[in-house]
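Subject: Structure handover

Hello,

Here is the structure for your files. My notes on it come after the coordinates.

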Amino acid sequence: MTENASQLIPDKTVYRGIACGGTGGDPVAIDSKDGKLIRFRPMRWDSEYSLDELKDSWWEIEVDGKKLTPPIKDIPNYFALAYKTRVYSKNRVKYPLKRVDWEPGGDPARINAQNRGISKFQRISWDEALDIIESELRRVIDSYGPFTVLCIGEDGHRESKDLHSGGGMHSTLMNQLGGYTRETRTPDSVEGWYWGAKHFWGAGCNHGLGMVAPQETGFNPWNVTLDVTRYASFIVFQAGDLELTQNYASQWFSYLLRYWEELGKDMVIVDPFCNYTAVCHENMKWIPILPNTDAALDFAMMYVWITEGTYDKEYVDTHSVGFDKVKAYILGEGDDGIAKTPQWAAPLCGVPAWTIKAFARKWAKQVTALANYSSGSVKGPYSHEPGRTAAYKLGMQGLGKPGVQHFYMNAADLGKWQAARTTTAPFMMSNKCRMFIPVPQTLPRTGVAQAIQGGELKWWGSPAIVYVENAEQFKEYNYPAPADAGGTKCHLLWSEKPCNMNCWNGGFNFQDAIRSPEVECFITNHQWLENDSLFADLVLPVTTCVEERDTVGGSSIVDIKFAGLPDRACDIIGESKSDYQIALEVAKRFGVDENINLGMSEEEWLQYAVENSAIAAEVTYEDLSKKGYYVPKIDPNWQEMTPGMRNFYENPEQFPLDTPTGKLEFWSDALAENFPDDPERLPMATWIIGGPASEGWTHDETPFGEKAKTYPLLLDANPARFRVHVQGDDIPWFREIQTAKVKGPDGYLYEPVWLAPEDAAARGIKAGDIVKVFNNRGIILTGAIISERIIPGMVMINKGSRVDPIAPGIDRGGAANLISPKDPVSKHCWGFAVTGYLVDCAKLEQAEYDEWKQKYPEAFARDYDPAIGINYASWVEGGE
């Protein structure tokens, strides 16, 4: 054996799941030697267990004599297999950093807020960093009150950790210092369903109360996959690309789709882009559609069903209310007098009338399930309308009958959510140290920039993902909170999830807000120097998940559930600390550390978590510690659990929905009573074009308005196949793929923009050109891919690319969300609109490129490595 070969023989192997969020993915085997990572590889279940040992934990589906079981060699996401490159990335933050021209104290002349995202950083010690944090917290609390601290990132978009994770440790600390302002996450994966469909089916088919109380809501997300697999003959994918989504935690969806192909399921995908789900599966047919026009298509399909009598009239009569109003609107008997025929819809959505008719007839003739995920029309302007019309289609065909289901997120969970009782966080008790105590002052993530800039904000509904009742959407909230409740403006921002500007709405507007002197101090905790951290005053280095011993579970989109307590896989990089440890270090300065750790060591917390978890009856803390993971037993009768809306379908009186009437509501009296004058979200879904703000509209982002005369292309911005939001944008393996990055003539790897040949030719754009994509909100640079996978009138950019600022309003990194609308979904719906908006494209001519290089030399002189892009050395003086 050679010396080099011997270095690849591990002395330690750790098994853990890695995913983009706080959940774990399918587990990987992580080999290391002498504290250094060697490789990440798919785990083999038979390497640690005999198959006989797993028989009580293993599921199996059999349909038409064909079986589906978890593969013995696991199917982790691409991101996890390449994670070694992230741990040792040239972009890792190893030490505390301070912006070179910022000084604490709040003096506008010394904070130089205007230079955030422009000036560089210098390395400082942990002692200095903690001194600054302590002094700044004391100063702003004394000057303005504790609610002046805005804690950003209290949600699940974080590393796959539990005790050591971000997403709330800074707020845990602030609870001990008098409180804080909470930035509440919007229902970002489910915008259209949350603001629209929930008023049709209540908590209904996505997340919601049905997860925990199916006997009360009539909805049970368990076994929807099984039900669709058994009974549906036609599966429609609309608003989502499952071959993209699999990179979140697993390749489970790809595995399942291949099984559906084997069973001979007919499948159609409705999407502006011939996406990866469409091109990877032979049984899949593609119906191209213009972005954010799905409601027009849906209304035309319903017109066919109504006029041809092919919807489930008896079900609609007994299980719903208000259908007569929707029917009248579709037939042209409403106020607009326009029948929503296929001929009416065709020029609006780009789908030929004959295709609409054929699609509608096939849907009605077969047992049809609707599959969605986190993209497409449910994330655009007025997304509540296609969210409602998609739900209407299911309601008209007997939602809940065998095979007629909504396949979405946790509904894809094969019943194991209940059977194994270990889902996204099997060890929730270790989160007890977070103490998520309600606070009197909040801000929706979508409104942070406006609140900073305007000093006030009004919105409706607590956008706490989807785990709230519909009535919550009617509550008015205001920032600042009343003075007698301690309300004050926010002057110190602390983020444990610094990717608001490239993963949420109106990124350039967020940058402008951060550059306001109202923000006296901006702190981020992060593993990599990117995005919001480039605009911070202090950046604190955070450990990755493989550098900590922690509990972790499997998410809702993995092929088999597991519970893990893996050891640290490698040595800690630099001086990194976990978010939990950072909070404790700051807490010590205020003498409140024992109020956070409750006097318990980290290992005692982990033991507490295991012994108070759902798996405590099956495995001891000692055994879990020794092995590192455990596969829980499943209920042998799991396949008999009620799927989806079946209870409601069979007995709507005994199992009512949590809508006001207990039934599906095509017309919502609650919306009519609470927002009687809202033309953007009426009590029933309608076709909305919008218009200029001067006429009271939130958006003018369709091809039919005045704005389209200047910006005629619709931008389709969906998640990427080879990264998860921003995570993975610096992985060399992915950046080598031709459709992941486009090498420009200057050697820079640009984020691709996909154009139809007709649109590219009209603008003189050729493959590989540097392309400006722009609108009234700014300019991002991209690299041209010209393809017939795109239809004329639109372009496609995967969202989530890292920002690389050239100047205010100009970015080289191609982060699409920078130019997305800053305003919410609609007036009363404070979610984000990050796809289906207007832009135009132009080739970046050499003269303009040279002009920018001369005008902004620092931006073009940054250290650049094509293998990973902009990196730590680009922004830190001395590069250390």
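The notes below go from the overall fold to single residues.

Please keep in mind that this is a predicted model.

Overall fold

The protein has 33 helices and 37 strands. Its radius of gyration is 26 Å, close to the 29 Å that the globule rule gives for 880 residues, so the protein is as compact as a globular protein of that length. Along the principal axes, the C-alpha atoms fill a box of roughly 75 × 65 × 65 Å. Of the 880 residues, 67% are buried. Among contacts with a separation of 6 or more, 76% are between residues 24 or more positions apart.

Surface and charge

Arginine 549

Arginine 549 sits in the loop between strand E21 (538–541) and strand E22 (552–553). Its relative accessibility is 17%, so arginine 549 counts as buried, the cut-off being under 20%. Which side chains make polar contacts with the side chain of arginine 549? One is that of glutamate 603, at 2.8 Å; another is that of serine 625, at 3.2 Å. Leaving aside neighbours within four places in sequence, arginine 549 is also in contact with residues including His164, Leu565, Pro566, Asp567, Arg568, Leu606 and Tyr621.

Backbone points to check

Most residues other than glycine have a negative phi, and most peptide bonds are trans. The following places depart from that pattern.

- Tyrosine 479 and proline 480 are joined by a cis peptide bond, with omega about -5°. Proline 480 belongs to the loop between strand E18 (476–479) and strand E19 (492–495).
- Aspartate 34, which is not a glycine, has a positive phi of about 55°. Its loop runs between strand E2 (27–33) and strand E3 (36–42). With 59% relative accessibility, aspartate 34 counts as exposed.
- Asparagine 112 also has a positive phi, near 45°. This residue is in the loop between helix H4 (108–111) and strand E7 (121–123). At 18% relative accessibility, asparagine 112 counts as buried.

Regards

Notes:
Residues are numbered from 1 along each chain as its sequence is written. This is a predicted model: local features need pLDDT of at least 70, side-chain atom pairs count only at pLDDT 80 or more; totals for chains, interfaces and linings use all residues. Side-chain values use heavy atoms; hydrogens and water are left out. Helices (H or I, at least four residues) and strands (E, at least two) are DSSP runs, numbered from the N terminus. The radius of gyration is taken over C-alpha atoms; the globule rule is 2.2 Å times the number of residues to the power 0.38. Buried means under 20% relative accessible area, exposed over 50%, partly exposed in between (1.4 Å probe, protein chains only). Contact means heavy atoms within 4.5 Å. A polar contact is a pair of N or O atoms within 3.5 Å; within protein, one must be able to donate a hydrogen and the other to accept it, and residues adjacent in sequence count only if both atoms are side-chain atoms.
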